[in-house]
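Here's a quick briefing to read alongside the model. Take a look at the chains first, then work through the topics below.

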Amino acid sequence: MIVDQAIYRDGIREPCGDLSDALEALRTGQDPHAFLWIGLKDPTDAEFDLVNDELKLHPLAVEDAVKGNQRPKVELYDNTIFVVLKTLRYVEATSDVETGEVMLFVGDRFVVTVRYGDASPLATVRQRLEGMPQQLRHGEVSVLHAVMDAIVDNYVAIDAELQNDLEEIEAAVFSGARDTDSGQIYRLKREVLEFRRAANPLAAPLSMLHDGSRSPVSVKEMRLLFRDVADHLLRVIDHVESYDRLLTDVLNAHLAQISVQQNSDMRKISAWVAIAAVPTMIAGIYGMNFDNMPELRWSYGYHVVLGVMAVACLGLYRAFRRSDWL
Amino acid sequence: MIVDQAIYRDGIREPCGDLSDALEALRTGQDPHAFLWIGLKDPTDAEFDLVNDELKLHPLAVEDAVKGNQRPKVELYDNTIFVVLKTLRYVEATSDVETGEVMLFVGDRFVVTVRYGDASPLATVRQRLEGMPQQLRHGEVSVLHAVMDAIVDNYVAIDAELQNDLEEIEAAVFSGARDTDSGQIYRLKREVLEFRRAANPLAAPLSMLHDGSRSPVSVKEMRLLFRDVADHLLRVIDHVESYDRLLTDVLNAHLAQISVQQNSDMRKISAWVAIAAVPTMIAGIYGMNFDNMPELRWSYGYHVVLGVMAVACLGLYRAFRRSDWL
Amino acid sequence: MIVDQAIYRDGIREPCGDLSDALEALRTGQDPHAFLWIGLKDPTDAEFDLVNDELKLHPLAVEDAVKGNQRPKVELYDNTIFVVLKTLRYVEATSDVETGEVMLFVGDRFVVTVRYGDASPLATVRQRLEGMPQQLRHGEVSVLHAVMDAIVDNYVAIDAELQNDLEEIEAAVFSGARDTDSGQIYRLKREVLEFRRAANPLAAPLSMLHDGSRSPVSVKEMRLLFRDVADHLLRVIDHVESYDRLLTDVLNAHLAQISVQQNSDMRKISAWVAIAAVPTMIAGIYGMNFDNMPELRWSYGYHVVLGVMAVACLGLYRAFRRSDWL
Amino acid sequence: MIVDQAIYRDGIREPCGDLSDALEALRTGQDPHAFLWIGLKDPTDAEFDLVNDELKLHPLAVEDAVKGNQRPKVELYDNTIFVVLKTLRYVEATSDVETGEVMLFVGDRFVVTVRYGDASPLATVRQRLEGMPQQLRHGEVSVLHAVMDAIVDNYVAIDAELQNDLEEIEAAVFSGARDTDSGQIYRLKREVLEFRRAANPLAAPLSMLHDGSRSPVSVKEMRLLFRDVADHLLRVIDHVESYDRLLTDVLNAHLAQISVQQNSDMRKISAWVAIAAVPTMIAGIYGMNFDNMPELRWSYGYHVVLGVMAVACLGLYRAFRRSDWL
Amino acid sequence: MIVDQAIYRDGIREPCGDLSDALEALRTGQDPHAFLWIGLKDPTDAEFDLVNDELKLHPLAVEDAVKGNQRPKVELYDNTIFVVLKTLRYVEATSDVETGEVMLFVGDRFVVTVRYGDASPLATVRQRLEGMPQQLRHGEVSVLHAVMDAIVDNYVAIDAELQNDLEEIEAAVFSGARDTDSGQIYRLKREVLEFRRAANPLAAPLSMLHDGSRSPVSVKEMRLLFRDVADHLLRVIDHVESYDRLLTDVLNAHLAQISVQQNSDMRKISAWVAIAAVPTMIAGIYGMNFDNMPELRWSYGYHVVLGVMAVACLGLYRAFRRSDWL
Ligand SMILES: [Mg+2]
Ligand SMILES: [Mg+2]
Ligand SMILES: [Mg+2]
Ligand SMILES: [Mg+2]
Ligand SMILES: [Mg+2]
Ligand SMILES: [Mg+2]
Ligand SMILES: [Mg+2]
Ligand SMILES: [Mg+2]
Ligand SMILES: [Mg+2]
Ligand SMILES: [Mg+2]
Ligand SMILES: [Mg+2]
Ligand SMILES: [Mg+2]
Ligand SMILES: [Mg+2]
Ligand SMILES: [Mg+2]
Ligand SMILES: [Mg+2]
Ligand SMILES: [Mg+2]
Ligand SMILES: [Mg+2]
Ligand SMILES: [Mg+2]
Ligand SMILES: [Mg+2]
Ligand SMILES: [Mg+2]
Ligand SMILES: [Mg+2]
Ligand SMILES: [Mg+2]
Ligand SMILES: [Mg+2]
Ligand SMILES: [Mg+2]
Ligand SMILES: [Mg+2]
Ligand SMILES: [Mg+2]
Ligand SMILES: [Mg+2]
Ligand SMILES: [Mg+2]
Ligand SMILES: [Mg+2]
Ligand SMILES: [Mg+2]
Ligand SMILES: [Mg+2]
């Protein structure tokens, strides 16, 4: 579906009629920074072909865009930059990170943005960018920057969510609470790896976009903007690397702690059994049937033995208490 | 065994008679992109010599092709590219990844493909490629691309299978099911490493094939096609790296969980023994043979004691329940 | 808040009136190394704008400076170096490392330092630098060096604190003391990673500052000073890497030791129960009600059996002692 | 000891009289590829000096050759290549990898090979090479290649042995057999690391030998032969890396499994004790001495209670069976 | 303290009077390789200033030399090379590696060596070097080489000691001896990391010293000597890396083994308790007070029951033996 399409001349939005005519006009026009922006959402092959007929995109890029599920990357074709970005969405209820996809074709006087799923923030990006004509005046590349910036800013937000989740888990594990479950820690680790798969591959191509000697971006000011995005990305990558390391330790500590708690329970039970064994033993002795057992004849033999049992149990109890076994 | 041999001129298949004559004709002919494609399967030394007599392949490449069991690689000889690829096959029944081998000699006006084992998809590749004359028109290199593309696409499929297996194992481990076995986790790890040994070494030579400054592929359009293959390969490598990390954690978590389950059993047994210890102790006391034990003379002493025992056991039972020990 | 602002001419502090006039005078003046140093603390947007109006800083650098919470970095803009540094503070009571932030704009005849939080040592830096006119004579860059040097020297001090903490934990864990807690080890690991996030990203840009061929610092003597700072930083990074590795081992050893101690307790309890089981068994035998049990009729049967029980218990006790189970 | 020495002219062996004369003749002779090959075995300093007096080897290389126990390396001196190689030998009985050493001096018209220990395969190399005159015709470097090729081929063989050992251990561990011992796993890991220390450092200098721009080998055909050796080496290194990773997992799995088996035993014992506790408790109750215990007076009270005990034990036994505890 | 100072002309030691005059004479003298060697030990600031007044060392290098506790490094100043080296000493009694420090200033016609602590072997180095005039003739750099060579040779010796310690620990752990303690393994790991911190950072600058294109050492022969030192260093680094990996495994195996041994003890105790539970249960049954218990009236009932108990216990004992539980 084509969700929006417009021409941006001198930073100002203009309606766009027939694609073919519009492009022709732009290319023969005076303003080198005027361009056409087409926004697609979950395009069918037919819809895509319609656009492609005019823009003559490279078949390999088109194939990737239609099939989706690509690796984050920036690919240079003859006069088109093809960019695949992973959008992330954090589902609070399940602490799940969901991955979506946004693709861009940045060509001669046109930008095509393609988004899959609802997670992607492209609508807001267009809106915000239309409020910044000075940015739009830089031409097609300004859209690329705006999209990347929005997506990476979103990574920063999700980074904060994951840090939150990690801190909650840390608190639970090291407070000794008994209801943490190891699946939860593992799942966070999975989400962290999912995050990492979205963010890490972007670092190299982003640095290519802002590095003067290799960049396809000719305006220096725009390159600085890409460096700014790259910088935010690196921060996120640093964090995620930490989370991964910490989660391994938290998982190990948690698994060990369950074991420790269980052993602690066992020790407690065993200690009680040991206490009970003493009166049982004494009672057994006075349950023997020897003819000559003087204590049995004492008037208060029974009471004395009960007392001995009580004292022995209490003594054991206090000894175990002192050793922290009970 | 020579499974197929044909000449492709202007993208169209033509029969091929005597090898020597055909090659001569191609080399003196007009069409610089016409070429001969010979397909071998498990060739004997004699069969290979027959082909080699005409094509004058480099002895080191021949040695590798005849001995098989090589590392994935792209080697440049004077006017031949020698490529070794690992084909993978997933055996659903055993979740086993099996490794096969395909080799290519891409030379002046000829391509030789050699496959070992049945896993390799070369027949389908030729068929599909014959349906795309516009690709074949690019000459010998189009076969190299088609084979690599088919093999890497197959990696993508197997990647999905392994992800499936990993998810099944995760589900089993974290659901606490008692019938997972650690051998299964370990075996998946082995298959992941087998996958990795097939896929990872290919990344560097593939990137060489599509990097303009180092590539032996002169047609730019073809280099873009190799970049596409490389891109898919990188995606697979990313995934496999994640699986490896996750499997280590799953294995540890699983081993720890078995231990936790066993400890849990022990705690339960001990708790029951502890409960039984209480009436045993009380019974022991009233089994003592003191002359003066007033309770023994009471009419309902026995019943009272039975009641006390029952209450004690029940109390313990409920306490253990509350602590989640039973 | 503007905490201080002054002109440094020939290494000597001079008061600074109107910003705009001062800058104009400096730029048209004779001394190429005279410069203006403005110190900001937790600046509001308005305060920052005031300064920015005169200095024309790059909006992206300004954005970072106003938002704070950036990655440590050195960014080159047209004629300004923008530097973000993480300051660290060690809280003895909790062994916590706290991260603050200092930013610098080093431009044509001016330096702006921005600090967030109270941890940052900028006041002392200015004071110390004003006592070293020969340094100040090198111009704006001398301030950058002084700030970096102070911050990295502070890293060295905190490195020593962390090493201390590690050694305390090692001593506690390997002395077998029972009151270490795994949360403490984990928290130290967190602080080590926090340290690492502050220190590691600085290594690459610092090496750029002192590497003749890439450095924006033109005075060779100043580059040597930056190399000195880089050298100290590398030392700290080496150490922190060691701590991280060691803490993983300490954590594992600690978790294993808790388990070992608990198992040791269990063994002790079980050994006592085993000892008690022997007299209980013997007593049980003589508590049987057979008509014909000759020992029951012996005059001293009871005493003999008591002796046998005592000997058995003592024997077991000594055997367990010898096996180190008690 | 000088084990063999000969001149190779045009690929054909000729006897070699006085060293000094022979070298003189070769150097002033017409054939640029004729050379002298001296083979030493465990040379004494005196024997080495004898050779060195004529060949003027570099003292540092000589020192290494005489002291032995060096790192695998390829060192270029003015007109000599000095190569240190580690030979490996697999001792089937103990699954031990033993490391030997071979050194080569490849100079102007001469090759000196030095071997330590009996493991080294130099005699066979000379024999085989003498059967390939077309190789020998390439001059001194052909000996270097032949030796490296033989040693690396031997690595491939030992790689297979180690893979075998790993597979045996995997089978033993995951079959749950109780007689694996962790020392065995650890020892294999040690041998794998020993292998790695022999093979890994060779990769960089070997790649230097076959890389056209850096190689001291001028004949292109020879460089291809070195590339072939390098390729086999890389395959071996890949495998060994896998073994190392897998062995860590196997060791952990094994250690965990022992613990699991022991816990399983404990559970079984405890379950039996729990079963025995029930009749003991019941017997205790009917061993009490209350005057009024109606059951005691029943004619078949005893038999009923015995029945109850049997039923209780059987019930417990079956419950434990069902839980897989017995 | 100045421990020694002398002039070396043409490899021969000459006494050195006034520093300032001596240096003047050397610099205006004919022999470009004559130089002054000053040896300092734990110098005070004053002593250092005395030397520095003449030699005009760079303040940053001086600061490092006076403060000590630096990272191993090679720093180039205008016409001075400043080198920091870590000396190591192995304390047999405690298996402790102790780190000392040696610094060198290699300038125009002078060398200053500074050592801290007693571990450093500088005295021997001077002695040995004075016996090798042909080395000393190469000028100041020969001292740098001699010191580095001595220190790295010492690393090789300590490497052997650590290997020894590792082997002892391996033997202890895998023999199942019960008196290994995990602190010992951990401490060896610490020493290995201490070694690593001394050796690893030296690799890069050493390779710079012998790499023709970057080296400040102009004599090629001397560069080869530095390559020799670098080679030995790399060998040591390889080993230390292995030790680190192996120690992690040994520590894990050891911790697991303690747990296994304890579990084994528990199983033994429990087995004995289980054996004792059987006669206790039987005795309980015949201690019941039922009126009608025929066995009690049998003449040899008691003896039969004793026999049954003995047989039951023996049977259990042998079953447990067979299962290897006792
Ligand atoms: Mg998910
Ligand atoms: Mg997710
Ligand atoms: Mg942003
Ligand atoms: Mg959350
Ligand atoms: Mg920013
Ligand atoms: Mg921004
Ligand atoms: Mg398999
Ligand atoms: Mg397989
Ligand atoms: Mg494909
Ligand atoms: Mg499956
Ligand atoms: Mg694609
Ligand atoms: Mg494709
Ligand atoms: Mg346990
Ligand atoms: Mg904190
Ligand atoms: Mg902190
Ligand atoms: Mg400093
Ligand atoms: Mg502290
Ligand atoms: Mg310094
Ligand atoms: Mg300093
Ligand atoms: Mg061995
Ligand atoms: Mg060995
Ligand atoms: Mg070979
Ligand atoms: Mg074997
Ligand atoms: Mg080969
Ligand atoms: Mg070969
Ligand atoms: Mg030490
Ligand atoms: Mg040496
Ligand atoms: Mg020792
Ligand atoms: Mg050497
Ligand atoms: Mg030496
Ligand atoms: Mg246990």
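Contact here means heavy atoms within 4.5 Å. Helices (H or I, at least four residues) and strands (E, at least two) are DSSP runs, numbered from the N terminus. With that in hand, helix α6 (residues 140–174) of chain B lies across β3, β4, β5, β6 (96–107) and β7 of chain B.

This is a predicted model, where local features need pLDDT of at least 70, side-chain atom pairs count only at pLDDT 80 or more, and totals for chains, interfaces and linings use all residues. Residues are numbered from 1 along each chain as its sequence is written, chains are lettered from A and ligands numbered from 1 in the order in which they are written, and side-chain values use heavy atoms, with hydrogens and water left out.

**The sheet in chain B**

- Chain B has an open sheet of seven strands in the order β2-β1-β3-β7-β6-β5-β4, and its pairing is mixed (two strands pair if DSSP finds at least two bridges between them).
- Each edge strand of chain B, β2 (12–15) and β4 (73–76), has a single partner, so one side of each has no neighbour in the sheet.
- From one strand to the next, the twist averages 25 degrees.
- Strand β5 (residues 81–91) of chain B pairs with β4(B) over four bridges in the antiparallel sense, and Val74(B) has Val83(B) as its bridge partner in β5(B).
- In general, strands of a sheet pair through backbone hydrogen bonds, either parallel or antiparallel.

**Helices lying across the chain B sheet**

- Helix α6(B) runs at about 30 degrees to β5(B) (axes are lines fitted to C-alpha atoms, for helices over the stretch in contact, and angles run from 0 to 180 degrees between N-to-C directions).
- Helix α1 (residues 19–28) of chain B lies across β1 (2–9), β3 (35–41) and β7 (110–116) of chain B, at about 145 degrees to β3(B).

**The sheet in chain D**

- In chain D, seven strands make an open sheet with mixed pairing, ordered β2-β1-β3-β7-β6-β5-β4.
- At the edges of it stand β2 (12–15) and β4 (73–76) of chain D, each with a single partner strand, so one side of each is left without a neighbour.
- The strand-to-strand twist averages 25 degrees.
- Strands β1 (residues 2–9) and β3 (residues 35–41) of chain D run antiparallel and are joined by six bridges; Gln5(D) stands opposite Ile38(D) in β3(D).
- Helix α6 (residues 140–174) of chain D lies across β3, β4, β5 (81–91), β6 (96–107) and β7 (110–116) of chain D, at about 30 degrees to β5(D).

**Where chains B and D meet**

- Helix α7 (residues 182–210) of chain B packs with α6(D) at an angle of about 155 degrees, and their axes are 10 Å apart.
- That makes α7(B) roughly antiparallel to α6(D) (angles under 35 degrees count as roughly parallel, over 145 as roughly antiparallel, 65 to 115 as roughly perpendicular and the rest as oblique).
- The crossing of α7(B) and α6(D) is left-handed (the near helix is turned anticlockwise from the far one by less than a right angle; clockwise would be right-handed).
- From α7(B), Ser182(B), Gly183(B), Tyr186(B) and Arg190(B) meet Leu166(D), Glu167(D), Glu170(D) and Phe174(D) of α6(D).
- By class, the contact of α7(B) with α6(D) has three nonpolar, two polar and three charged residues (Ala, Val, Leu, Ile, Met, Phe, Trp, Tyr, Cys and Pro count as nonpolar, Asp, Glu, Lys and Arg as charged, and the others, Gly among them, as polar).

**The transmembrane annotation in chain A**

- An unreviewed UniProt entry places "transmembrane region" at residues 269–288 and 300–320 of chain A (UniProt positions are given in the numbering used here, feature names are shortened, and annotations may be inferred rather than shown by experiment).
- Residues 269–288 of chain A are 90% helix and 0% strand, with end C-alpha atoms 29 Å apart.
- Residues 300–320 of chain A are 95% helix and 0% strand, and their end C-alpha atoms are 30 Å apart.
- The axes of helix α8 (residues 220–286) and helix α10 (residues 301–322) of chain A come within 10 Å and cross at roughly 160 degrees, which makes α8(A) roughly antiparallel to α10(A).

**Chain E**

- Strands β4 (residues 73–76) and β5 (residues 81–91) of chain E pair in the antiparallel sense over four bridges, and they form a hairpin with four residues between them.
- No contact joins chain A and chain E, whose closest C-alpha atoms lie 9 Å apart.
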